[in-house]
Amino acid sequence: MPCPSCGATATRTQILTGYWRCDADVRIEQLVPAGGESTAVSSSSETRRCGTVYLRTRDEDAATCRCGEPAIGECTECTHAVCADHSDLWQGWRVCDRDLANARLRARAAAVAEEKRRAQEAAAAEAERLRQRTTLLELADEDAVWLLYARDERRTEQQVRSAVHVLRRLTAAEFTDVCLYLLPYAREPETRRTGLTRLTGWAFEGSGYHGRSWFLTRKGEWHRGGPLGEERRRWKDVRFDDVEKRAVIDEMAWQQSIDSGLV
């Protein structure tokens, strides 16, 4: 569509969808002023940029919809002139009814694909959780003690269950030997006072230990105490058998599950 003021078509700039600005340099007498009335000019050789802003689409009739009604704008997809009845706003852009239907179909297909992807991810996550619940890791005795005793990072449910499974197969003496071998690498020994006696070793305690705690000395002796934070907590010698060993393992596993956010 030529410029309605000067008739030029070669030099123009699109400033909005469907709206163009004529940038042609023309003689002043060639410009058609508003209202169509001629004006007197001082010199026929003077030129300036036209600057007229006009509506233009790819249709032959830029101001008429396909139904014959006056157009209110241009479709941002096909650039056809559209009226109010055959267009609507889609995400802030005016779109004709045909492209709007296609856009809605594409949006629906994308939503279905996204929903399918999320369902697949959820199914994969559930399958992974089920695998961890039904599969045990192959761990050395020292690795199992480290997973339950050391709180350096979060553990998975599979790691906790596997460590408990490994340690429960040990006897009380074997469990004590493994602890004496590993604990110096996990934590420096500490000193606790019970009466007039000082105990040097490693404490098995925590907020999730259900009101009890244990202390293993460097000599391999076990002592049982009260809950964490109890004032004047006294440590009593305990005969460390399989029952005590299972209690220590269960309390370590429960504390580790709490620290790892598994419960």
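Predicted model: local features only at pLDDT ≥ 70, side-chain atom pairs only at ≥ 80, totals over all residues.
Local features need pLDDT of at least 70, side-chain atom pairs count only at pLDDT 80 or more, and totals for chains, interfaces and linings use all residues. Residues are numbered from 1 along each chain as its sequence is written, and side-chain values use heavy atoms, without hydrogens or water.

Start with the largest nonpolar core. It has 30 residues. A nonpolar core is a set of buried Ala, Val, Leu, Ile, Met, Phe, Trp, Tyr and Cys residues joined through side-chain atoms within 4.5 Å; buried means under 20% relative accessible area (1.4 Å probe, protein chains only). Leu148, Phe175, Phe204 and Trp222 touch the most other members. Two or more residues each come from helices H2 (141-149), H3 (157-168), H4 (172-186) and H5 (242-259), and from strands S11 (197-204) and S12 (213-217). Helices (H or I, at least four residues) and strands (E, at least two) are DSSP runs, numbered from the N terminus. H4 gives the most, six residues. Apart from this core lies another, of seven residues, including Trp20 and Tyr54.

Phe175 deserves a look. Beyond its neighbours within four places in sequence, Phe175 is in contact (heavy atoms within 4.5 Å) with residues including Val145, Leu167, Trp222, Phe240 and Met252. Phe175 and Trp222 are both buried.

Now the rings. The structure holds eight aromatic pairs. Rings of Phe, Tyr and Trp (its six-membered ring) pair if their centres lie within 6.5 Å; planes under 30 degrees apart count as stacked, over 60 as edge-to-face and the rest as tilted. Phe175 and Trp222 are stacked, 6.2 Å centre to centre with 20° between the planes. Phe175 lies in H4 and Trp222 in strand S13 (residues 222-225), so the pair ties together parts 47 residues apart in sequence. Ring pairs also link Tyr149, Phe175, Phe204, Trp222 and Phe240 into a cluster.

Next, the packing of H2 on H5. Their axes, lines fitted to C-alpha atoms over the stretch in contact, with angles from 0 to 180 degrees between N-to-C directions, come within 8 Å and cross at roughly 55°. H2 and H5 are therefore oblique to each other. Angles under 35 degrees count as roughly parallel, over 145 as roughly antiparallel, 65 to 115 as roughly perpendicular and the rest as oblique. Leu147, Leu148 and Tyr149 of H2 meet Ile249, Met252, Ala253 and Gln256 of H5.

Methods
Buried < 20%, exposed > 50% of the residue type's maximum accessible area, 1.4 Å probe, protein only.
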